[in-house]
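Biologist: I would like to go through this model one point at a time. Please give the cut-off behind each term when it comes up.

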Amino acid sequence: MVSSAVAPATSNPPARVRYLIRGLASEETREQSLDVLCKNRLAYDNLAVLLWNSFGIMSVLLKIITSVYRPLLSDGLTENVVTQVCNAIALFQCVASHPDTRIPFIRATMPVYLYPFLNTMSNERSYECLRITSLGVIGSLAKVEDPEVIEYLLSTQIFPSCLRCMEVGKTLSRTVSTFIIYRILLSEKGLEYCFVLAERYLSVSQCLGKLVENLSEDDAENLPQLLKNIIGCYLRLSENERTRPQLSSYVPWKLLDHKYANIVRSDPEALADLRQLVCNLRTSKSCTTHCTDDQPASSDSSGSSIP
């Protein structure tokens, strides 16, 4: 039995991990084993492989995750239950991140069990914890340049679910969900997916616009990354010449204000993307002459400027 959330000390770390994984199978030791594995998941190199290949363990994690569906709908969540579910989802992320288990994970369509957490409309703390932990799993998939992963993401409800999280989540959830949309748009298939339906393109453009209008400068830790992701999404959308004039009407000019440019100034990639976005949105053929790093600040028609 796992006592005080500590497994027996052994000279063989895999044996310690296996002991904790076996603890997941028993209701008596499940909560403690789950807590220890979650807290130490980055220290165990083969944890994902062991979780995936241990008989019945993924079913146990699914049981923990699905057990909260009904309380989720009835506002019956307790802190202890949310903690256990978030720990189980974190182990899902471990499996989704590992190169040997990532593809089997998506082929088994495991991310679909996270949809209820991505589609909630509440931003109360419990719901936000479940939302951000679930987004972490999808983000781990999205950051990998694998055509099969992108195909999977586009074949599911993950794209619209992330748009919903961008609208209802708090800053961290918005940051991760925007990152996922950005990573999808970076692929040619992802960009094509966005433009294949006018309604889809408008939804993405309007959602990004609302994000900019509602930016909170109080969250200084996550704001730079959120801005970078927003700029990256807009830049990819602006690469479509046919819809570029429409996009100009959806990009809030406050995004091009010195205030936000200064926030991303320490990130050369984000600042370069912002400059390129300004160039793409301009109708003047000579705009590219004002967009190199060695040029002085240039002003747009609204009076905003990008350094």
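Biologist: At what relative accessibility does Leu 37 count as buried?

Modeller: This is a predicted model, in which local features need pLDDT of at least 70 and side-chain atom pairs count only at pLDDT 80 or more, while totals for chains, interfaces and linings use all residues. Residues are numbered from 1 along each chain as its sequence is written, and side-chain values use heavy atoms, with hydrogens and water left out. Buried means under 20% relative accessible area, exposed over 50%, and partly exposed in between (1.4 Å probe, protein chains only). Leu 37 therefore counts as buried, at a relative accessibility of 0%.

Biologist: How far apart in space are Leu 37 and Ala 88, C-alpha to C-alpha?

Modeller: Leu 37 is found in helix 2 (residues 30-39); helices (H or I, at least four residues) and strands (E, at least two) are DSSP runs, numbered from the N terminus. Beyond its neighbours within four places in sequence, Leu 37 is in contact with residues including Val 17, Tyr 44 and Leu 91, where contact means heavy atoms within 4.5 Å. Leu 37 and Ala 88 are 51 residues apart in sequence, and their C-alpha distance is 9.5 Å.

Biologist: What share of the contacts in the protein chain with a separation of 6 or more comes from residues 24 or more positions apart?

Modeller: The protein chain has 18 helices and 2 strands. Of its 307 residues, 51% are buried. Among contacts with a separation of 6 or more, the share from residues 24 or more positions apart is 69%.

Biologist: Why are Glu 128 and Arg 131 separated by about one helical turn?

Modeller: The two form a salt bridge, with the closest N and O atoms 2.5 Å apart; the term means a side-chain nitrogen of Lys or Arg within 4 Å of a carboxyl oxygen of Asp or Glu. Both Glu 128 and Arg 131 are buried. An α-helix has 3.6 residues a turn, so residues three or four places apart point the same way. Glu 128 and Arg 131 are about one turn apart because they are 3 residues apart in helix 9 (residues 125-142).

Biologist: Which parts does the pair of Arg 183 and Glu 145 tie together?

Modeller: Arg 183 is buried at 17% relative accessibility, whereas Glu 145 is exposed at 73%. Their salt bridge has its closest N and O atoms 3.9 Å apart. The pair ties together parts 38 residues apart in sequence, because Arg 183 lies in helix 12 (residues 171-186) and Glu 145 in the loop between helix 9 and helix 10 (147-155).

Biologist: How do the residues of the contact of helix 12 with helix 13 divide?

Modeller: The axes of helix 12 and helix 13 are 4 Å apart, at an angle of about 105°; axes are lines fitted to C-alpha atoms, for helices over the stretch in contact, and angles run from 0 to 180 degrees between N-to-C directions. That makes the two roughly perpendicular, a class covering 65 to 115 degrees, with under 35 roughly parallel, over 145 roughly antiparallel and the rest oblique. Ile 184, Leu 185 and Leu 186 of helix 12 meet Glu 188, Gly 190, Leu 191 and Cys 194 of helix 13. Counting Ala, Val, Leu, Ile, Met, Phe, Trp, Tyr, Cys and Pro as nonpolar, Asp, Glu, Lys and Arg as charged, and the others, Gly among them, as polar, the division is 5 nonpolar, 1 polar and 1 charged.

Biologist: Which backbone nitrogen does a side-chain oxygen of Asp 146 reach at the start of helix 10?

Modeller: The buried residues of helix 10 include Val 149 and Tyr 152, and its buried residues pack against helix 7 (102-107), helix 9, helix 11, helix 12 and helix 13. A polar contact is a pair of N or O atoms within 3.5 Å; within protein, one must be able to donate a hydrogen and the other to accept it, and residues adjacent in sequence count only if both atoms are side-chain atoms. At the start of helix 10, the Asp 146 oxygen comes to within 2.9 Å of the backbone nitrogen of Glu 148.
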